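The stops below go from the whole chain to single residues.

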Amino acid sequence: MGEENVKNLKSEQGAALDSIDLQFKDIDAAYKTKSTWEIIRALVILRTCSYNYFVDNSVKFLGLSQRFLGRSLTDFVVKPTFYGHFVAGDTPESITSTVRKLKSGGVRPMLAVPMEEDVNENIPMDEKYGRNLSAILDCILLSRHVEESRPMMQLKVTALIPADLVAKLTILYNEEKITVEEIAAYMETGALVKNECLDEEELSQLHKGLDRLAQVGKLAVEKKVRVLVDAEYTYLNPGMSLVTLAMMVLYNKQTPWIWNTYQCYLKGALSSIRAELDVTKRHNVCFGAKIVRGAYMEKEKLLALNEQREDPINPSLDATGDMYNAVVNAMLEHIKDVGTKCNIIVASSNEGAVRTTIQRLDQLGIDPGEDSVCFGQLMGMADHVSFSLGSAGFPVYKSMPYGTLEDTIPYLSRRAQENRSVLQESLHEPFSLHEVLKRGNLSVNAQLLSGDPLVVHIFEATLEACG
Ligand SMILES: Cc1cc2nc3c(=O)[nH]c(=O)nc-3n(C[C@H](O)[C@H](O)[C@H](O)COP(=O)(O)OP(=O)(O)OC[C@H]3O[C@@H](n4cnc5c(N)ncnc54)[C@H](O)[C@@H]3O)c2cc1C
């Protein structure tokens, strides 16, 4: 079905299909919530992020800056620029203000607490996971506070269970030596998991981790916040699926509050999502899926090479695109049958993927207003996609990390490295921004007139660059 047909069939689907520009060329919709300063900032930052040298060394630059310029001066430079572009804020007030702006463009927040752990990290455990738990519980409350209609947030399982243990659970789950049912039983009744492949300390850590996840699940249901569990590396994902599926069994009885993430750069993405959907079908509970391409490609490839095993990543970008469309399509066909018992988010800045999904929604007669299918992009990226979708009434979210500069910059640097290709591709955004500037929308606004020399300097440099 062509795009014109989508537009012609729109009346049956409500406002959304009626007014979406599937070429995402509506500059006014895309940038209507942005001040001139924010447009210029986006132009400069996305260009900077396309330089490998900057992306590879950003954490080092920050460390050097803090050492030689001091924390205050570093904050003065980084907070209104890189941080302000990609991060929601570090206080409830600043986050609420960022969210308010987003929502004025029809885009909803999806908050994320930046916490990263990998195997072999030796940091004292109970205190660290206790702190992480309280930050995650706060995130549930904050998500509910800033978004009344359908709040969502992201969760990293490795923020609550040691990554080394999750890696071990991966092996056990792959070898069918541990089951979703025993994990769910512990979380529900306290019946201890007995597994001779895990030693006493590991079992104790497992039980503590599951207690933390149970607190998250209970509060999510109570506050009606959807919790989307992030996917990480292939040596962790099955272990994380094990506990996430157990949470689905316990907490998704009426509504999909707990979702898992499926990375379509993996050759096994379609079979994984089908297998996990089957688990929820067996337990007659709802299913939620965040569908992404995947952010850890370089390390996955390197690990496979070092371990002399088959590369788990699809052979080409096109193959990943085909996998993405196949996974989304399989879920849309399921939603056609079960309605709101299955929810998905098409978490991609790829215009083609968004377009294909919208066309398929139309073909299958799924009402976008039902919210079973929503869209997501990262804060600071693909605004033209997010705000075009938001303006047309589609449910669309921005993944928004929040926290202090120290907490978020390493996270953002890793995101930048993992998403280097996306950032480089995002250069088409500056071209749009360039057009915005050229179109004469460039009114020097109050922020510029505030006289901040850094702002005025960047403004002048940008004008020069734009000819
Ligand atoms: C709301 C949200 C939540 C997210 N959560 C997660 C998460 O939990 N886990 C996670 O891993 N990522 C997550 N991401 C990040 C996501 O994986 C990246 O944004 C994504 O990889 C970029 O894909 P794209 O569809 O936006 O862009 P595109 O530019 O269309 O695709 C780029 C991606 O294609 C893939 N690719 C590139 N080259 C090749 C190649 N040669 N062969 C095969 N594949 C290739 C890579 O995945 C690359 O990142 C999330 C993103 C969003 C918006």
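What percentage of the 467 residues in the protein chain is buried? Buried residues make up 45% of them. A residue counts as buried if 20 or more other C-beta atoms lie within 10 Å of its own, as exposed if 12 or fewer do, and as partly exposed in between, with C-beta atoms placed from the backbone.

Before selecting anything, note that this is a predicted model, in which local features need pLDDT of at least 70, side-chain atom pairs count only at pLDDT 80 or more, and totals for chains, interfaces and linings use all residues. Residues are numbered from 1 along each chain as its sequence is written.

**The whole chain**

Colour by secondary structure: the protein chain has 22 helices and eight strands. Helices (H or I, at least four residues) and strands (E, at least two) are DSSP runs, numbered from the N terminus. Of the contacts in the protein chain with a separation of 6 or more, 78% are between residues 24 or more positions apart. Two residues are in contact if their C-beta atoms, placed from the backbone, lie within 7 Å.

**Helix α15**

Next select α15, which has 22 residues. From its first C-alpha to its last it reaches 32 Å, close to the expected 32 Å at 1.5 Å a residue; the expected span is 1.5 Å times one less than the number of residues. Show side chains for the buried residues of α15: Thr 320, Met 323, Tyr 324, Val 327, Val 328, Met 331, Leu 332, His 334 and Ile 335. They lie on the same side of α15 because they cover an arc of only 165° around the axis, the arc being that of the directions from the helix axis to the C-beta atoms. These buried residues pack against β4, α13 (269-282), β5, β6 (342-347), α16 (351-364) and β7. Turn to the face away from the buried side to find the exposed residues Asp 318, Glu 333 and Asp 337. After α15 comes Gly 339, with a positive phi near 65°.

**The largest nonpolar core**

A nonpolar core is a set of buried Ala, Val, Leu, Ile, Met, Phe, Trp, Tyr and Cys residues joined through C-beta atoms within 7 Å. The largest one has 123 residues, and those with the most contacts inside it are Met 153, Val 227, Ala 246, Cys 264, Ile 291 and Val 327. Helix α12 (residues 237-251) gives the most to this core, with ten residues. Centre on Ala 246: leaving aside neighbours within four places in sequence, it is in contact with Val 180, Ile 183, Ala 184 and Met 187.

Is helix α17 (residues 383-391) enclosed or open? Nine of its nine residues are buried, so α17 is largely enclosed by the rest of the structure. Just after α17, Gly 393 has a positive phi of about 95°. In the loop between β7 and α17, select Ala 382. Its phi is near 50°, a positive value in a residue other than glycine. Most residues other than glycine have a negative phi. Ala 382 is buried, with 26 other C-beta atoms within 10 Å.

**The loop between α13 and β5**

Asn 284 is in this loop, and its phi is also positive, near 55°. Asn 284 is exposed, with 10 other C-beta atoms within 10 Å. His 283 is in the loop between α13 and β5 too, and is partly exposed, with 18 other C-beta atoms within 10 Å.
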